[in-house]
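I opened the model to look up its sheet, its helices and a few single residues. My entries are kept in the order in which I went through them.

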Amino acid sequence: MKGFVPTPTDVVDIMVAKLMSGISNPQELRVLDPGCGNGEFIEGVLRYCHERGTGFPEIVGIELDPGRANTARSRFSSVRAVKIREAD
């Protein structure tokens, strides 16, 4: 399949739970989200950390589509830990 395929929130939550399993200090991590789209996975990581009262890891989202990159960038503009790059 080619093109943008958004990841459902329940799938994101499962992925993030597996990623963070056994991690006690997420703020020590660096997370790369290639093809971040509008930032659903990034939002899942932030939600997971917020719900547990931990700091956020450094997150870099890469998105080729300028519109989706701008959407993600504006979604997380107030979160210092998140950087969105328009690239392939």
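The entries below go from the conventions to the sheet, then to the helices, the core and single residues.

**Conventions.** I am working with a predicted model, in which local features need pLDDT of at least 70 and side-chain atom pairs count only at pLDDT 80 or more, while totals for chains, interfaces and linings use all residues. Residues are numbered from 1 along each chain as its sequence is written, and side-chain values use heavy atoms, with hydrogens and water left out.

**The sheet.** I took helices (H or I, at least four residues) and strands (E, at least two) as DSSP runs, numbered from the N terminus. Two strands count as paired if DSSP finds at least two bridges between them. What is the order of the strands in the open sheet? I read S1-S2-S3, three strands with parallel pairing. S1 and S3 are at the edges with a single partner strand each, so one side of each has no neighbour in the sheet. On average, neighbouring strands are turned by 15° against each other, direction ignored. I noted that strands in a sheet pair through backbone hydrogen bonds, either parallel or antiparallel.

**Strand pairs.** S1 and S2 run parallel and are joined by five bridges. Within that pair, Val31 has Ile59 of S2 as its bridge partner, and Leu32 stands opposite Val60 in S2. S2 and S3 also pair in the parallel sense, over five bridges. There I found Ile59 opposite Val82 in S3. Helix H3 (residues 66–75) packs on the sheet and touches S2 and S3, and its direction makes about 165° with that of S3. For such angles, axes are lines fitted to C-alpha atoms, for helices over the stretch in contact, and angles run from 0 to 180 degrees between N-to-C directions.

**Faces of the strands.** For burial I used relative accessible area: buried is under 20%, exposed is over 50%, and partly exposed is in between (1.4 Å probe, protein chains only). The covered face of S1 holds Val31 and Asp33, and its uncovered face holds Arg30, Leu32 and Pro34. S2 is mostly covered, with five of its six residues buried.

**Helix H2.** H2 spans residues 40–52, 13 residues in all, and reaches 18 Å from first C-alpha to last, close to the 18 Å expected at 1.5 Å a residue. The expected span is 1.5 Å times one less than the number of residues. Which residues of H2 are buried? I listed Phe41, Ile42, Gly44, Val45, Leu46, Tyr48 and Cys49. The buried residues of H2 pack against helix H1 (9–20) and strands S1 (30–34), S2 (58–63) and S3 (82–86); contact means heavy atoms within 4.5 Å. Gly53 follows H2 and has a positive phi, near 70°.

Tyr48 is buried at 16% relative accessible area. Leaving out residues up to four places away in sequence, Tyr48 touches Val16, Ala17 and Met20. Glu43 is partly exposed, at 28% relative accessibility.

**The core.** A nonpolar core is a set of buried Ala, Val, Leu, Ile, Met, Phe, Trp, Tyr and Cys residues joined through side-chain atoms within 4.5 Å. The largest one has 19 residues, of which Val16, Ile42, Val45, Leu46, Ile59, Val82 and Ile84 touch the most other members. H1, H2, H3 and S3 are the elements that give two or more residues to this core. H2 gives the most, with six residues. Leaving aside neighbours within four places in sequence, Val82 is in contact with Ile42, Leu46, Ile59 and Phe76.

**Glu63.** Not counting residues up to four places away in sequence, Glu63 touches several residues, including Gly35, Cys36, Arg68 and Arg85.

**Glu28.** I found Glu28 in the loop between H1 and S1. Glu28 is exposed, with a relative accessible area of 63%. Glu28 and Pro57 are 29 residues apart in sequence, and their C-alpha atoms are 6.1 Å apart in space.
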